[in-house]
Amino acid sequence: MHRYESGALQDEAHNNELLLMKDPDNFRLLFERGQDKLAPHLIRQIEKRLVGLSSEKHQNWFKKYLESFFGFARIDIYSGFRHFDLEKFESAIIFFARHPGGVLKTKLNKLAWYFDFLYFKKLGVSATGTIYIRLPYGPVPKNYDFFLHKLVSEKALLMEEKIFDKARDIIGEIYLAAEEPDLSFLTVEERQCLEQVDKHFQKLNAAEISRYSHEEAGYQNTKDGDMISYEWAKDLKI
């Protein structure tokens, strides 16, 4: 290291080793093999830092995992020109599920879509940066099942199944907020859009809001399984 600090260039083998040591797991392995050559106070300092690095690595891994699921690494017309905001999306979902009796998953997904697209229609960016996909029952957040499961596992939402047709094994999932939504993550304009969407669709059931979304230009001009562009927000019916 003294040679490198003096301006010498490391050879390829040393360079590769330094690159591998950037990973906390690789560094810990080398540290454990050579810690007998270090003073006790240095060992304590390194061990303390390794705990922090491992935590940071886990957080970065989870962030990349969410990026791959929700696409918030991108800022374009499909995300509404905004990075995915986990707290805002969570707040919106819990807000829509706060009504007594809860809300069916089909309707919950549509409410989220209308919230983001209405906000884009008004301000030119989405509220949460969520990417939405066209499916047969209407627009849904990308990988919505994973996200809803996350909220249920964190006990922010409660989920119960409702049998609609036992003979044909048709079962729906109802989600109910288990806590009050934290709206401090939202701006005044975002809260107004939440309330407008909530009020507009309050009396519509899951089947009705699904049919309503099928009439939207964004749905009609997108193929099943494709992302819905926020460019269609200008034609939104609300």
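**Stop one: a strand pair**

Select Ile-133 and you'll find Val-140 of strand S3 standing opposite. Now widen the selection to strand S2 (residues 132–135) and strand S3 (residues 138–141), which pair in the antiparallel sense over four bridges. Two strands count as paired if DSSP finds at least two bridges between them. Helices (H or I, at least four residues) and strands (E, at least two) are DSSP runs, numbered from the N terminus. To get from S2 to S3, follow the hairpin through two residues.

Before moving on, some housekeeping: this is a predicted model, where local features need pLDDT of at least 70 and side-chain atom pairs count only at pLDDT 80 or more, while totals for chains, interfaces and linings use all residues. Residues are numbered from 1 along each chain as its sequence is written, and side-chain values use heavy atoms, with hydrogens and water left out.

**Stop two: helix H5**

Select residues 86–96, helix H5: ten of its eleven residues are buried, so the helix is largely enclosed by the rest of the structure. Buried means under 20% relative accessible area, exposed over 50%, and partly exposed in between (1.4 Å probe, protein chains only). Among the buried ones are Leu-86, Lys-88, Phe-89 and Glu-90.

Next, show Asp-85, which caps the N-terminal end of H5 with a side-chain oxygen 3.2 Å from the backbone nitrogen of Glu-87. At the other stretch of numbering, pick Phe-95 and Arg-98: the charged end of Arg-98 sits over the Phe-95 ring, 3.8 Å from its centre. That label needs NZ of Lys or CZ of Arg within 6 Å of the ring centre and within 35 degrees of the ring normal.

**Stop three: the aromatics**

Rings of Phe, Tyr and Trp (its six-membered ring) pair if their centres lie within 6.5 Å; planes under 30 degrees apart are stacked, over 60 edge-to-face, and the rest tilted. How many aromatic pairs does this rule give? Twelve. Start with Phe-84 and Phe-89, an edge-to-face pair at 5.7 Å centre to centre and 65° between the planes. Both Phe-84 and Phe-89 are buried.

Then jump to Trp-113 and Phe-117, whose ring centres are 4.7 Å apart with planes at 40°, so this pair is tilted. They are four residues apart in helix H6 (residues 105–123), about one helical turn. Trp-113 is buried at 1% relative accessible area, and Phe-117 is buried at 0%.

Finally, select the aromatic cluster that includes Phe-81, Trp-113, Tyr-114, Phe-117 and Tyr-132.

Note on methods: Polar contact = N/O pair within 3.5 Å; in protein donor to acceptor, adjacent residues only side chain to side chain.
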